[in-house]
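Hi everyone, thanks for coming. Let me put the structure up on the screen, and then we'll walk through it together.

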Amino acid sequence: MGAEKKPEKFVVSIGPQHPALKEPGHFEFAVEGEIVTSATARLGFVHRGMEKGTESRTWVQNLYLMERVCGICSAVHAMAYAQGVEKLAKVEVPPRARAIRQLIAELERIHSHLLWLGVAAHEGGFDTLFMLSWRDRETVMDLLEAITGNRVNYSANVLGGVKIDIDEVKSAAILKGMDFLEERTRHYMKVVTEDETFLGRTRKIGTMTLEQALRLGSVGPTGRASGVPYDVRVDAPYAAYQDFPVNIVTDTAGDLEARFVVRIKELYESYRVIRELVDHMPAGELTTRIPRRIQEGEVVSRVEAPRGELFYFLKSNGTDMPERIKVRTPSLCNWGSILATAVGHRLADMPMILAGIDPCFSCNDRMILVKRGNDQTVWTWEDLRRYGIEYYK
Amino acid sequence: MTTPMVGVIEKVKTWARVNSPWVIHFNSGSCNGCDIEILATLTPRYDVERFGIKLQGSPRHADVLICTGPVTLQARDRLVRVYEQMPEPKFVVAVGSCGISSGVFQGCYNVVGNIGDVIPVNVYVPGCPPRPEAIIYGVVQLLKSLQN
Amino acid sequence: MDIDQKLQAGAEIVKEWVISTSNPEVNRVDLVVAPENLKKAVAAMLDSQWGYLSAITGLDHPEYLTDETGVKKVDPDRGNLELLYHFSGGAAVLTLRVTLPYSEAVIDSICDIDMAAQLYEREAAELFGIEFRGAPSTDHLVLPDDWPVGVYPLRKAFTGLKKES
């Protein structure tokens, strides 16, 4: 052949089964040498057809279904759904119930961010941090269990309010827990901003500029680390965020390190607002009556999940079952952004970059397919993770 | 080989298996609630590694498959493939209500059924999600049954 | 800027394409546009930096058949699909609505002007059977690989897959 031979592309495909992590999803990376030239995703391993399922369940039953869209951020799903239904039914939720909703949502944010910190550290081969952050996470799990009766899927929300209350004993336990976690979080902040070996994996890696983040529609901490000033808690306060406001945390660096820093600073904000909530908990009723049949209408309900803006669209046809429920989870927005930023980075950085958005697949499994010419090799996520760690040794 | 010799070897194998089972985890459509609790069993509060239980990345090295969630159409073939890749003897622990009865996801169009419909299950751990202690207890029950 | 002003400013940007306007909630405005103008309206919204595209919702409005026994049933062949493009700017939500008949469920893809829309469009394409003209990828995103062609689960006519015999 006279023509010059094109360099062969090597496709690395990851997924869909991962040992230590949360969910399934499948990625394919085309690489030239070390550098990723294109990335695609295949979701749907945990697609269960819930949006359709909601149409054959009653409004009350759906609360428990929606809570199980994602087990990590279950309370915010239930909250977004309940708020939407309450808006449809034109029902006002008592102030105490709104404050307790916010309290649970913020406790959940702490559990989710600490979980992510551990998982992201594990992807970087920093298992000590993984174990430590998960050990400390048990503090908040204990609190959630003490308050709601369950460690995960708390079912704290009901249509029209909440079904749990806070008393003095629980308040004292929460305050004590926050003090302990705040001290531990200061230590983690030091680790992620000062530990040389860890910085080698995070600083100036996976950088997304503000323009890119805006164009790609990043939300949540991923977007805020690039300076995208969106936070539903601030922009459109719901629950009790009007009375117990949080400050928006942004960064300008846009790299992986910034994503760590933003999430850790958000933890401080959560500790602060939880203390305020506990100290100034409004008195009053916990629930209000809500009709079984919801009047016709359409509402949009937005809340800030730990991973970003969660968007619910509810349409009622006047019966006891919804006409349509649309759920747009924050991870879906962030997928687009991450697949675009992956291009041009080293294959060894992929685990950290993907973990950097805190992907929530139920809201994806990961295996890798390595393709050389017609030759395909499947890597597991574990293989890729080890490859990354070896590369940086 | 003589029969008593085979018996001794089998005993040694069972002893080894019970004292250090290697586990693989597969999510066939769960909400993550069970998955984070399984992960929690590895972390310092519960720390199952001290009992020799090790979470393994490859099905080819695993003795026990821990499954979570209802089985979705897309995940069904993968679940069967992971199960088939495991060497004999192999055991399956289904964690969570969804694995038992599809849970709240019953009737959703992309859900095929529960884990028992797709692969044989040895131990079911109920709960939504089960506590980490319950998951450990489930695995211990499995190991006890192996000893006999 | 309060919410009313924000909504008005948003409606102003796309007013040349708007057919009708409604306010379903205090912080929302719904604007109906013709399918051929949708892309222009989205481009204008994005250029103005009013907000960002939060989600694309699909809705199915089937027509009903009444059989001889008086039972109402969904007609699988006649009806309309509706796409809702939700833009969020602060607390305000502006929605562009387009209606597409089953017989011509085709609309221009907006992926070339907003990359974030790709996953939303693919979801709507799979679940509702809407063709996005010029979309970069039409592979399955959420449905299984062996999902039957022409079956769209979120249409009202869909009640479940037939059991494999």
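I'll call a residue buried if 20 or more other C-beta atoms lie within 10 Å of its own, exposed if 12 or fewer do, and partly exposed in between, with the C-beta atoms placed from the backbone. By that count, buried residues make up 61% of the 393 residues in chain A.

Two housekeeping points. This is a predicted model, where local features need pLDDT of at least 70 and side-chain atom pairs count only at pLDDT 80 or more, while totals for chains, interfaces and linings use all residues. Residues are numbered from 1 along each chain as its sequence is written, and chains are lettered from A and ligands numbered from 1 in the order in which they are written.

Let's stay with chain A. Chain A has 14 helices and 10 strands; these are DSSP runs numbered from the N terminus, H or I of at least four residues for helices and E of at least two for strands.

Now look at α2(A), residues 59–67, and α3(A), residues 74–89: their axes come within 8 Å and cross at roughly 150°. The axes are lines fitted to C-alpha atoms, for helices over the stretch in contact, and angles run from 0 to 180 degrees between N-to-C directions. That makes α2(A) roughly antiparallel to α3(A), a label for angles over 145 degrees.

Which residues of α2(A) meet α3(A)? They are A:W59, A:N62, A:L63, A:M66 and A:E67. Contact here means C-beta atoms, placed from the backbone, within 7 Å. Ala, Val, Leu, Ile, Met, Phe, Trp, Tyr, Cys and Pro count as nonpolar, Asp, Glu, Lys and Arg as charged, and the others, Gly among them, as polar.

Over to chain B, please. Here 5 strands form an open sheet in the order β2-β1-β3-β5-β7, with parallel pairing; strands pair if DSSP finds at least two bridges between them. The edge strands are β2(B) (54–55) and β7(B) (123–125), each pairing on one side only. Further in, 5 bridges join β3(B) to β5(B), and B:L65 stands opposite B:V92 in β5(B).

Finally, how do the chains meet? The contact takes 37 residues from chain B and 37 residues from chain A. On chain B's side, the largest share, 6 residues, comes from α2(B). That side divides into 18 nonpolar, 14 polar and 5 charged residues.

Definitions and conventions:
Contact = placed C-beta atoms within 7 Å. Parallel < 35°, antiparallel > 145°, perpendicular 65-115°, else oblique.
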